[in-house]
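I opened this structure to take a few notes for myself.

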Amino acid sequence: MRRILITLLLAVVSFSWLPAYADAATSVPPGNRNAEQPPVPGASVRRTRGTNSTFDRKYQKVRELLATDTKLMSKIKSTARAYGIDPIHIIGALVGEHTYNVDAYDGLQSYYVKAASYAGQSFRFAYNGENVDDFVARPQFDACKGKGDSYSLWTCREDVWEDDFRGKTVGGTSYPDNRFSAVFFQPFYAGQTFGLGQVNPLTALELSDLVSRTSGIPKLSEKDAGGVYKAIMDPDLSLAFVAASIRKSIDDYRSIAGMDISGNPGITATLYNLGNSRKRAAALAAKNRGSSQPVWPEENYYGWLINDKLSDLKSLL
């Protein structure tokens, strides 16, 4: 009997985290899980070398922008309040993008000028001459028709693309082995994102309902590519999509994986960089179902930098 009681006691101790994990979100510990920064992708390295810069210089440049542009910082704080997130998450996303993907402009006004340069341009979301709105009218996408919000609708369409079209030949047309967003939603050149937050057009379409509901920005349509690009390039609009993306990641990890990532800006920055928070949360939940101890989400190179520089970035607030 004593042996049985000891065994039961050990079982309770071993799985003591599970009730909290199941009933309420478990807070992810602060800081990085990796002692050293994970490798930076070669494309980012080559892009930075090509501009005769370094990651440290780019980090300092975007930090200087945030430190000196009081108008921008005010917008970041007010947007964060509207979406119920700590502004450090928005700062982390912006710093990561401008350190590893693009160079920061010298001031917020430059982002307005860049956005204006695209105003009135005529372009569309299409592949091989087929508009995306015609493409998603195919019967393969019928299961998505009943989705009630933009996030569910477009993530469903992404799933159909992955399962039925990516890297396959359908109806005599060969489709690239690439992401849905890269094939249909980048009309200028592959890999291009725009604006202060470098938001992908497909991400903006997914978040359209949340942003419209929270910020009052008119809903976006895939039939109006110009309207989508205005929303993600205009700083007065694009910060809402940055915040909404972070809000959605936090909500996905709470509802799907039972984890509260709101106290770890490195994790939210990682998800901002990688996307697909819904699938990543589901994968983490699957790992935890077979574990006696919580398996924590890990930061990538992008999120690692944000946690490593967190004290410096928080000083901006």
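I noted that the model is predicted.

I looked up the secondary structure next and found 18 helices and 6 strands in the protein chain. Of its 317 residues, 48% are buried. I also checked contacts with a separation of 6 or more: 74% of them join residues 24 or more positions apart.

Then I turned to the core. The largest nonpolar core holds 87 residues, and L66, I90 and F180 have the most contacts inside it. Helix α14, residues 235-257, gives the most to this core, with 11 residues. In soluble globular proteins, nonpolar side chains tend to be buried together.

I picked F180 and listed its neighbours, leaving out residues up to four places away in sequence. F180 touches V132, F135, V136, W154, R157, E158, W161, F185 and L202.

My last entry is on helix α3. Which residues are buried in helix α3? In this helix, residues 42-50, I found S44, V45 and T48 buried. They lie on the same side of α3, because they cover an arc of only 100° around the axis. On the face turned away from the buried side, I noted the exposed residues R46 and G50. The cover over the buried residues of α3 includes α4 (55-68) and α6 (87-100). After α3 comes N52, whose phi is positive, near 55°.

Definitions and conventions
Residues are numbered from 1 along each chain as its sequence is written. This is a predicted model: local features need pLDDT of at least 70, side-chain atom pairs count only at pLDDT 80 or more; totals for chains, interfaces and linings use all residues. Side-chain values use heavy atoms; hydrogens and water are left out. Helices (H or I, at least four residues) and strands (E, at least two) are DSSP runs, numbered from the N terminus. Buried means under 20% relative accessible area, exposed over 50%, partly exposed in between (1.4 Å probe, protein chains only). Contact means heavy atoms within 4.5 Å. A nonpolar core is a set of buried Ala, Val, Leu, Ile, Met, Phe, Trp, Tyr and Cys residues joined through side-chain atoms within 4.5 Å. The arc is that of the directions from the helix axis to the C-beta atoms.
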